[in-house]
Amino acid sequence: MTLQQEQIPAQQDKHAAWRGRSEQADAERTSAELDDAEAIKRLRERSRRLLGSMIRPHKQSIAALVAILVGQNVATMATPILVMYGIDHGIPAVTDHGDYTIMVVIAVAFALCASLEYVCVRLYTVQSARVGNTMLYALRKRVFWKFQRLSVSFHERFTSGRVTARQSSDMESIREMTENGVDDLVLAAMNVVTITVVMLVIEPVLAAVSLLTFPLMLLLAKWFSRVSAIAYRKARETVAVLIVYFVESMGGIRAVQAYRREERDRDIFGRLNADNRFAQAKGHQQNAIMAGGMRGIGHLATVVVLSFGGWQVMQGNTEVGVLAAFLLYMKRFFDPLNELVQFYNVLQSATAALEKLSGVLDEEIEVAEPERPRTIEHPRGELRFDDVTFYYRDDKVVLPNLDLHLPGGQTVALVGATGAGKTTIAKLVSRFYDPKGGAVTLDGVDLRELSEADLRGEVVMITQENFLFNGTIAENIELGKPGAPRSEIVEAAKVVGAHEFIDALPDGYDTHVRKKGGRLSAGQRQLVVFARAFLADPRVLILDEATSSLDIPSERLVQRALRTILADRTAIIIAHRLSTVEIADRVLVLEAGRIIEDGPPEALIDSGGNYAELHRQWEASLV
Ligand SMILES: Nc1ncnc2c1ncn2[C@@H]1O[C@H](COP(=O)(O)OP(=O)(O)OP(=O)(O)O)[C@@H](O)[C@H]1O
Ligand SMILES: [Mg+2]
């Protein structure tokens, strides 16, 4: 990579810290932070729809899971009643008449309940993990596929850190929710209802007194849900910012090192890391208060039941067995609620994750595939811009009403100052973006109606990024024409002048390029990309600063190859070095999105306009 390219991540890094924060504001925003009631409703609706679509394929399995939980609930609820009968009827029968029948029946029933509970817990654990895993598998696949299809404009807005967070921490939150806690939630709800009903049936007065602590518990839970929502969200946000910063700092690692930014990055990362630790600590403190409080209330309830119940027993209003059963019920009442406290946070982050993922999944695909795609019978590579208006943000028009006609087979050079809109034109031809007004047509077909296969087959854009995929050199060239035989791959490499260096590599064409082609020089990567494009044999080829990473001798080499590569196709060459422009049939000079000069290079030089001046400066720089 050249320095010029490195500067892009470096500049981005400079503001990564605050950008992380502002980004979090829009990316990590969840329902609790939105003021607009209508917006919250839409957000909830959206994530409910996502949840529904996740659950729908598993309706039967989920019904089975609920049935298992009902079984478990019955088993746990029955045991205190058995204890009650044992104490009140079983033991007296033994002591008074030496009759063991009741005790034996109770013991057998107890064993049955215990077995049922065991079976249910086991079944539930296995089944719920299976369902949860399958749901997560499908969700991951959906999100990945969506990110792949979302247009370039989306990815230019949505940073890689955020993409990473969607696939990592958000998925993790949902996994946590599906894996543990849902059973506690359902069981706790069932318990509260069953226990209340059973206690009221057995002994209404004692039941009423036992439930006295319930409002206290509700108050505590209400406080907790309020404060922990804030603390937990803070913790999630800080960790999201941390991930975004980490991913982006690593993505620009070369720039970081080239500009000696390690120390600064370490400081910023350290600060973000500390923010996260602080937020986590706060959450844990609240958890501690809540968990302790719940236990305290549980004990208080026991004390109340024991004292009032004991007094009732002494008065002869109730039996000891009933009191024992109530005490057991109190425990079964509070235990799952305790667990629920832990689950509450998991549930919250899973809800937030669902909201964010549903946002990604609902994201409109700006550059959508046509519903009824058209194909080109005889591709000639004729390009036309019909009154095209384009802007990235509506406050700044980049291309105002552009008209342009490129007959098939022409080699056109696009020159102009930085920011003039050259790359934008290239992106419109490749349909990374659609025009806001007017139309871009290829052989008379609007690009928006052209089938994806035709578009990608007929238009290839090469940039200075020259991305290589992990794999061998041969595989990377073959991407241009999947399934091409080795002979064609080698032929393509020969045409662009890449064969010699590839042949000299230890494994030749089977040399692995490593991550993003890190093993090859920038010029070599570029030649591989050229070979790929040549093999693809598109009607329209766009080179955007494609040779700027080559040194002069390599560029000369490519220059020669270019004549072969570009013959018989429409080519748009964007270059600051005019040496590349020399092979063009026609030069377009662009200024602020308008074509101010158009003609064969020699004619433009003779006319003494902008291009002539550029050319003069370039020639002067050569000597
Ligand atoms: N993704 C984007 N979002 C917002 N504005 C953009 C985006 N990409 C480019 N622009 C703006 O559009 C204008 C044209 O950019 P473009 O990349 O087409 O210029 P260029 O002629 O290719 O410049 P260079 O020679 O530096 O590559 C510039 O003002 C730039 O700031
Ligand atoms: Mg550009």
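What follows is a conversation about a predicted model of a protein chain.

Colleague: What share of the residues is buried, and what share of the contacts joins residues 24 or more positions apart?

Modeller: Buried residues make up 48% of the 623. Among contacts with a separation of 6 or more, 77% are between residues 24 or more positions apart.

Colleague: Why is Gly381 called buried?

Modeller: The cut-off for buried is under 20% relative accessible area. Gly381 has 0%, so it counts as buried. Its place is in the loop between H13 and strand S1 (383-393).

Colleague: Which residues does Gly381 contact, leaving aside neighbours within four places in sequence?

Modeller: They are Leu406, Pro407, Gly408, Leu442, Asp443, Arg539, Val540 and Thr570. Compare Tyr391, 10 residues from Gly381 along the chain: the two C-alpha atoms are separated by 25 Å.

Colleague: What makes Gln410 buried or exposed?

Modeller: Its relative accessible area does. The value is 17%, and buried means under 20%, so Gln410 is buried. Gln410 also lies in a loop, the one between strand S2 (396-406) and strand S3 (411-416). Beyond its sequence neighbours within four places, Gln410 is in contact with Arg569, Thr570, Ala571, Asp585 and Arg586. Thr570 is a contact of Gly381 too.

Colleague: Now the helices. Why does Ser349 count as buried?

Modeller: Ser349 sits in helix H13. Its relative accessibility is 6%, and the cut-off is under 20%, so Ser349 counts as buried. Not counting residues up to four places away, Ser349 touches Ser173, Tyr232 and Arg236.

Colleague: And how do you know whether Asp184 is buried or exposed?

Modeller: Asp184 belongs to helix H8. Its relative accessible area is 18%; buried means under 20%, so Asp184 is buried. Apart from neighbours within four places in sequence, Asp184 is in contact with Glu339 and Leu340. Tyr124 is 60 residues from Asp184 along the chain, and their C-alpha atoms are separated by 12 Å.

Colleague: What makes up the lining of the second largest pocket?

Modeller: The lining has 34 residues. Leu51, Met177, Val182, Leu347 and Leu354 lie nearest the centre of the pocket. Two or more residues each come from helices H3 (37-55), H4 (59-97), H5 (101-149), H7 (160-179), H8 (182-202), H10 (214-251) and H13 (320-362). The space in this pocket is about 770 Å³.

Colleague: Which element gives the most to that lining?

Modeller: H13 does, with 8 residues.

Note on methods
Residues are numbered from 1 along each chain as its sequence is written. Chains are lettered from A and ligands numbered from 1 in the order in which they are written. This is a predicted model: local features need pLDDT of at least 70, side-chain atom pairs count only at pLDDT 80 or more; totals for chains, interfaces and linings use all residues. Side-chain values use heavy atoms; hydrogens and water are left out. On a 1 Å grid over the protein atoms alone, a cavity is a set of points where a 1.4 Å probe fits but cannot get out, and a pocket is an open set with protein on both sides within 12 Å along at least five of seven lines; lining residues have an atom within 4 Å of a point. Grid points are joined across faces, edges and corners, and a volume is the space filled by probe spheres set on the points. Helices (H or I, at least four residues) and strands (E, at least two) are DSSP runs, numbered from the N terminus. Buried means under 20% relative accessible area, exposed over 50%, partly exposed in between (1.4 Å probe, protein chains only). Contact means heavy atoms within 4.5 Å.
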